[in-house]
Amino acid sequence: MAEEKNVQEQDINQLIKVRHEKLQELQAAGKNPFEITKYDVTAHSTDIINNFETMEGKEVFVAGRIMSKRVMGKASFCNIQDLPGNIQSYVARDNIGEEAYKDFKKYDIGDIIGIKGEVFKTKTGEISIHATEVTLLSKSLQILPEKFHGLKDTDIRYRQRYVDLIMNRDVKETFVKRSQVIHAVRSYLDEQNFIEVETPMLVQNAGGAAARPFDTHFNALDEDLHLRISLELYLKRLIVGGLERVYEIGRVFRNEGLDTRHNPEFTLMELYQAYTDYHGMMDLTENLYRHVAQKVNGSLVLTYGEHEIDLSKPFERLTMVDAVKKYGNVDFTEIKTTEEAKELAKKHNIEFEARHKKGDILNLFFEKYVEDHLIQPTFIMDHPVEISPLTKKKPEDPEYVERFEFFINGWEMANAYSELNDPIDQRERFEAQEELKAQGDDEASSMDEDFLNALSVGMPPTGGIGFGIDRMVMIMTNSPAIRDVLLFPTMKSLN
């Protein structure tokens, strides 16, 4: 096996050597493709194919990468790939000239060319371009894989995404759809009179979520800083400032593990709306997901793996307590103390930490018994206060807060609150988080005096929500892993 690999590497090295020699010949003849600075494209492949009746016989300029080539004496065919698709070109010596045809025959798979010619249909009925001029725009000095899906080391698809995009049409379509998803989110929120803003990525206090931050040092001020783990605390400051409806789509960074749903840097969208609550955020979520699905996929029924996700029906709404009772057959309304909760956890073989309280253990039951059942769109409401340090308590039951998590396919897709706007209560919550941090909880929040000052100035009743954009794209594109929707996912260094 090792011997076969060495032979393959030698063959590839020889092919690469030949390509370099071809480039040197071109440069020596004054035909250096890297000196060309532009090419005026007038049509793309799909423009021609979809509008053949009106474009037949017309002259076009197209450009793309050679993906296949058949040389047949005085005439040849090649297939070039551009952003939206592929198109065939007929290249004949008598049409482009003897010297140009001689050069064309030496072009390699992967080279980028421009073709000037007339649109026509071959005898076999394939829409093509009858070339009158071929221009080499860039010489490929590497070898493209013939069957990229067959590679055993799939890591190369993520490490060399540029090759993945060339070889796999469905990958390119996924990332085109990703752009459409983000555009659809923006268009919906803009229509609802939200203002898009930008807030700092380098922060002194990485708050707004339970996560471990990345740390860095700012030399100019000789200060340690963090990369943000959330957008929340700055956006709430803007609500205090009177902007009323704000949102941000941006990268956040969490110093955590890698798996099919987690990457240490990912795209988060958070929005805050004054004068509404978490019920308003549920309505917004339903409408937003339907808007995005319709715009991007043209349907409110999505296929994800073996499941059909129906966004057309009203999304189910369950409290966390009711969900645990429904799927775990455990009724937490009968559990009055932390000690009772811990005893119950032991009976169900649920591991917990000494610092955990009743609300933490309810959440552990939820994770074990409920999450996997939440395939269809579901809001899980009214979380315990212990796991929700930034959320307004329910007036009728202060052990719980006005919070929901939105689930599809068993995944948390969004997290929303009726935002806490009581600065005294918020200080007490921060102090409780500081105690957890002192006990070794790396994900606990830190005291943020400026944020408390903002709340003291006065923040109106506000609903807020955070959406994982990457997971939304996974659902919209039927992608099995977060790496499949990140152009350049975090990878372990090869060194």
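## Strand E18 and its partners

Strand E18 and strand E19 (residues 411-418) run antiparallel and are joined by six bridges; strands are DSSP runs of E with at least two residues, helices are runs of H or I with at least four, and both are numbered from the N terminus. Two strands count as paired if DSSP finds at least two bridges between them. Within this pair, Arg-403 stands opposite Tyr-417 in E19. E18 and E19 form a hairpin with two residues between them, and Asn-409 in the turn has a positive phi of about 60°. Strand E15 (residues 378-381) also runs antiparallel to E18, with four bridges joining them. Here Met-381 stands opposite Phe-404 in E18.

This is a predicted model, in which local features need pLDDT of at least 70, side-chain atom pairs count only at pLDDT 80 or more, and totals for chains, interfaces and linings use all residues. Residues are numbered from 1 along each chain as its sequence is written, and side-chain values use heavy atoms, with hydrogens and water left out.

## Burial of E18

Six of the six residues of E18 (residues 403-408) are buried, so the strand is largely enclosed by the rest of the structure. Buried means under 20% relative accessible area, exposed means over 50%, and partly exposed lies in between (1.4 Å probe, protein chains only). Both faces are covered: one side has the buried residues Arg-403, Glu-405 and Phe-407, and the other has Phe-404, Phe-406 and Ile-408, also buried.

## Helix H12

In helix H12 (residues 338-347), the residues Ala-341, Lys-342, Leu-344 and Ala-345 are buried. Seen down the helix axis, the buried residues fall within an arc of 160°, so they line one face of H12; the arc is that of the directions from the helix axis to the C-beta atoms. These buried residues pack against helix H13 (358-369), where contact means heavy atoms within 4.5 Å. Glu-339 and Lys-347 are exposed, on the face of H12 turned away from its buried side. H12 is followed by Asn-349, which has a positive phi near 55°.

## Positive phi in two loops

Most residues other than glycine have a negative phi. Asp-222 is not a glycine, yet has a positive phi of about 50°. Asp-222 lies in the loop between strand E8 (215-218) and strand E9 (223-227), and is exposed, with a relative accessible area of 60%.

Glu-244, also not a glycine, has a positive phi of about 70°. The loop that holds Glu-244 runs between helix H9 (232-240) and strand E10 (245-253). Glu-244 is partly exposed, with a relative accessible area of 41%.
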